[in-house]
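Me: I'm new to this one. Could you take a close look at the aromatic rings for me and walk me through them?

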Amino acid sequence: PRESLAALALGTEYPTIELLNRRPYDRECGLVSKTMWKHIIGQSVLQLTILTTIMFVPEIMGLPSEASTPTGEKGGDFDAKLVGNILRTAIFNTFVWLQIFNEFNARKINNELNKFSHIFDNIWFSYIMVAIIVLQIIMIETFDAFAKTSGLNWEQWLICIGFGALALPVGFVLNFVPSNIEDGMVTARPEAFRRNPAFALPRAEAGVEIVERKTQNY
């Protein structure tokens, strides 16, 4: 559900003037550009590094080192099975927060530095992001039997969110990794975009046609 909501949040973005002024891409070029691959690989490395670190160094989450290899038996001062479940929940929670913050990076995919530009122009984006966060909190804290999760304390929540927020500065740094954003764009002579007089209507006729179309639409 979260993946569908994230896609919906990005799919409801309005086109910007910068996007409309950009040259179109050739129909033969790939759906994922080299610049997009740069960000995908960079964020993947970040996520793998953070999640692997939490898995093998559970002390980051305030858990004993034995939590990384729980036996399911009670021992010493802690329940290994419970602590191991908390660790897996923290890893899952951190992963989701990495996706949440990376959602802001995904709004701009051509090395734009300001990922929050025009963010409030699309109110649905804000609503959907809030819904994703609320669903995540509910899943972690209340769906323990259904989702196989264990509730986290506020310190563990802050650590998960803090790790997730690293997606923003890493996304900013990736903008400066060289990549050609014009790769795959259509190249044409300027005169190719000029209006052909043979197909142009006189100004008066064109105005009448536009008014008639608007009237029909209403």
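Reply: Helices here are DSSP runs of H or I with at least four residues, strands are runs of E with at least two, and both are numbered from the N terminus. By that rule, His39 is found in helix α3 (residues 34–56), and Trp124 and Tyr127 both lie in helix α5 (residues 123–142).

A word on the source: this is a predicted model, where local features need pLDDT of at least 70, side-chain atom pairs count only at pLDDT 80 or more, and totals for chains, interfaces and linings use all residues. Residues are numbered from 1 along each chain as its sequence is written, and side-chain values use heavy atoms, with hydrogens and water left out.

Now the rings. The structure holds 5 aromatic pairs; rings of Phe, Tyr and Trp (its six-membered ring) pair if their centres lie within 6.5 Å, with planes under 30 degrees apart called stacked, over 60 edge-to-face and the rest tilted. Trp124 and Tyr127 make an edge-to-face pair, 5.9 Å centre to centre with 85 degrees between the planes. They sit 3 residues apart, about one turn of the helix. Phe172 and Phe176 are edge-to-face too, at 5.3 Å and 70 degrees.

How open are they? Going by relative accessible area (buried is under 20%, exposed over 50%, partly exposed in between, using a 1.4 Å probe and protein chains only), Trp124 is exposed at 52%, Phe176 is exposed at 54%, and Phe172 is partly exposed at 39%.

Elsewhere, ring pairs link Phe104, Phe116 and Phe125 into a cluster.
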